[in-house]
Each structure stands twice: as C-alpha cells, then as structure tokens.
Amino acid sequence: GSCTACLVALHPHRAELRAANVGDSGFIILRRNPSTSQSTLGTLDAMGAAKSRRQYHVAFRSPQQLRAFNTPYQLGRAPDDKGDGSVPDGRFETPHDASLTRVPVRSGDLLILATDGLFDNMAEDQVLDIIEAEHERAEPQLLAQRIAHRAKELSLDRDVDSPFALLAKDNDIMWGGGRPDDITVVVGRIVEYAANDKTP
C-alpha cells in the first residue's frame, strides 16, 4: 500500500508552525484580516488583506509534491518488493523527500489540515465561505465537519468546475465535475500560551 503524509507541530517556544509534507495532502493557514484602523503596511499579510474584504484570508498554503498530474509523491511498499527495505523502491518516495516548511503563526489563526479530497473539490474561497458563515468562536471540530461535508457534496457534483477539473483541463484531460475521494479534515485554532497556563 501507499499513502501521502502531512505532519505539523507548533514550536514549543516560538510562534512558528513546522511541517513535513509528502504528496498532495497539506494545510492552509487562515488569518483574520485587520480592521481599517490596523495597518498591515510593510508586512507579509498586506497583499492578502488588501485584496479582500473578507474576515479571513489565506496566509499560507503548503506546496504540493507531484511527479505528474494526479500522481503525488507517496510513501509505500509494493507487494512484489521482496527486499528488506535497505534499497529504496523507485516507485515510491521516502520521508527524506518530504517538503519541510516553517511558517510564522499568530494567535487567532486557523489551521486547516486535509487530504487532497478537500483541495481537489473546494477552492480556498469556498473554504472561507464556510468559516465566515459560522460564529468566530465555533468549535474547530464543527468547522472541520462543515468543510468535509461540503467537500463531499461537491465531489459528487458532475456539473461543478472543481479545482481538480480545472487542473485536469490545464493538462489536456477532459474532466467535468468533482472528484470522489477520501476526505479528511482537521481544524485547529492557534491560541496564545500564557506563562501561568498549565501544560495539559
């Protein structure tokens, strides 16, 4: 069998997210847009915030790793591999091939970690629509359920121009509608750690 993989962790002492990603699973970080009284001039967020009147914008999206269209990097081992694992199987990648990223985060950021079943069927604006339709204090689990449910609906829609369909057409492949696939979504909210907080 084979699979993609995406591991994320917060740095214990800095406002920084670290990630290792193999394939086309991944994550996006959503950041609340500043009010008109708060300036972002000269910051990395200035461009994203200026282009939108939304409550949130996509502050970061992890890069995909693809061998070719619809052929993501994968960890795996084939049934016909009789070796002891000491010699790499050229059909698969290894953890050493992972894309490593370090991303600054802020209190209030939303982290959305998902398989390609989400990203193939929902554009970033559609994810933002769901986030902004809920109360700003909505539980992350509720947000994950809402996003996954909508992604499943779109994956079964034969008329929608899904992100997967648009990319297929860019590669001269005729594909209409969504792409049915496994869909896993995890949502987390970044909160500021106080020195007097107890470690769980």
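Val-127 is buried, with a relative accessible area of 3%; buried means under 20% relative accessible area, exposed over 50%, and partly exposed in between (1.4 Å probe, protein chains only). This is a predicted model, where local features need pLDDT of at least 70, side-chain atom pairs count only at pLDDT 80 or more, and totals for chains, interfaces and linings use all residues. Residues are numbered from 1 along each chain as its sequence is written, and side-chain values use heavy atoms, with hydrogens and water left out.

**Exercise 1. Describe the largest nonpolar core.**

Solution. 
- Step 1: A nonpolar core is a set of buried Ala, Val, Leu, Ile, Met, Phe, Trp, Tyr and Cys residues joined through side-chain atoms within 4.5 Å.
- Step 2: The core has 22 residues, and Ile-112, Leu-118, Ile-131 and Ile-147 touch the most other members.
- Step 3: Assign the elements. Two or more residues each come from β4 (26-32), β10 (110-114), α2 (116-119), α3 (124-133), α4 (140-155) and β11 (185-189). Helix α4 gives the largest share, five residues.
- Step 4: Ile-131 touches Leu-30, Tyr-56, Leu-110, Ile-112, Leu-143 and Ile-147, not counting residues up to four places away in sequence.
- Step 5: Look beyond this core. A second, separate core has ten residues, including Leu-17, Ala-19, Val-103 and Leu-113.

**Exercise 2. Work out the geometry and setting of the pair Phe-164 and Trp-175.**

Solution. 
- Step 1: A pair of aromatic rings is described by the distance of the centres and the angle of the planes.
- Step 2: Apply the cut-offs. Rings of Phe, Tyr and Trp (its six-membered ring) pair if their centres lie within 6.5 Å; planes under 30 degrees apart count as stacked, over 60 as edge-to-face and the rest as tilted. The count comes to three aromatic pairs.
- Step 3: Classify. Phe-164 and Trp-175 are 5.0 Å apart centre to centre, with 75° between the planes, and form an edge-to-face pair.
- Step 4: Locate the partners. Phe-164 is in helix α5 (residues 163-170) and Trp-175 in the loop between α5 and β11, so the pair ties together parts eleven residues apart in sequence.
- Step 5: Phe-164 is buried at 5% relative accessible area, whereas Trp-175 is partly exposed at 31%.
- Step 6: Phe-69, Phe-164 and Trp-175 form one aromatic cluster. Arg-179 lies over the face of Phe-164, at 4.8 Å from the ring centre; the rule needs NZ of Lys or CZ of Arg within 6 Å of the ring centre and within 35 degrees of the ring normal.

**Exercise 3. Give the strand order of the open three-stranded sheet and name its edges.**

Solution. 
- Step 1: Read the order. It is β2-β3-β9, with antiparallel pairing; two strands pair if DSSP finds at least two bridges between them.
- Step 2: Find the edges. β2 (5-10) and β9 (99-104) each have a single partner strand, so one side of each is left without a neighbour in the sheet.
- Step 3: Count bridges. Six join β2 to β3 (residues 16-22). Leu-10 has Leu-17 in β3 as its bridge partner.

Technical notes:
Helices (H or I, at least four residues) and strands (E, at least two) are DSSP runs, numbered from the N terminus. Contact means heavy atoms within 4.5 Å.
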